[in-house]
Amino acid sequence: MSVEVLDGATIVSFVEDEEAFNVSICDRFAHLDTDHDGLLSYAEMLEELKSLRVFETHFGIDEKPDPAELASVYNSLFVQFDHDSNGTVDLEEFKAETKQMMLAMANGLGFLPVEMLLEEDSILKKAVEKESTAKVVA
């Protein structure tokens, strides 16, 4: 993990760069697809859903949520990705929903830079790295 500075423009620029975004999405999807069947089951996506840290509320100190509530939240998130409701998520569904989530995050961040703790292999980290590389080249 590392602390990085980003804003909404960092995310939007990354999502709009189809090549960089698609490579990152394909890499992440392949990492999650542990049985290599080209589809993500709920079990395969569960760790990714947990990494969203939807219950982190006090600056890194997690409260213990009710297990039933937690299961309900993760199921709801999975349903958001499973556009055709067939119980699995294919690459196109994963790409489309990740794009929507990232653009919503960008909208929420706005134009003021913020510091965020990012996991090394996260898509947000890749967005920051792309922006940093572009600044060095320019």
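Met1, Val3 and Leu117 form a nonpolar surface patch with about 340 Å² of accessible area together. Patch members have over 30% relative accessible area and no salt bridge, nonpolar side chains being joined within 5 Å and like charges within 9 Å; areas follow the Shrake-Rupley method with a 1.4 Å probe. Leu117, in strand S6 (residues 114-118), counts as exposed because its relative accessibility is 54%, where exposed means over 50%, buried under 20% and partly exposed in between.

The model is predicted, so local features need pLDDT of at least 70 and side-chain atom pairs pLDDT 80 or more, whereas totals for chains, interfaces and linings use all residues. Residues are numbered from 1 along each chain, and side-chain values use heavy atoms, without hydrogens and water.

The protein has six helices and six strands, assigned as DSSP runs (H or I, at least four residues; E, at least two). Helix H1 (residues 8-16) packs against helix H5 (residues 91-109) at about 155°, with axes 7 Å apart. That makes H1 roughly antiparallel to H5, a term for angles over 145 degrees.

The whole structure holds six salt bridges, each a side-chain nitrogen of Lys or Arg within 4 Å of a carboxyl oxygen of Asp or Glu. Glu48 and Arg28 meet in one of them at 2.6 Å, N to O. Glu48 lies in helix H3 (residues 42-51) and Arg28 in helix H2 (residues 18-32), so the pair ties together parts 20 residues apart in sequence. Arg28 is buried at 13% relative accessible area. Asp121 also forms a salt bridge with Arg28, at 2.9 Å between the closest N and O atoms.

Notes. Buried < 20%, exposed > 50% of the residue type's maximum accessible area, 1.4 Å probe, protein only. Axes fitted to C-alpha atoms, helices over the stretch in contact; angles between N-to-C directions. Parallel < 35°, antiparallel > 145°, perpendicular 65-115°, else oblique.
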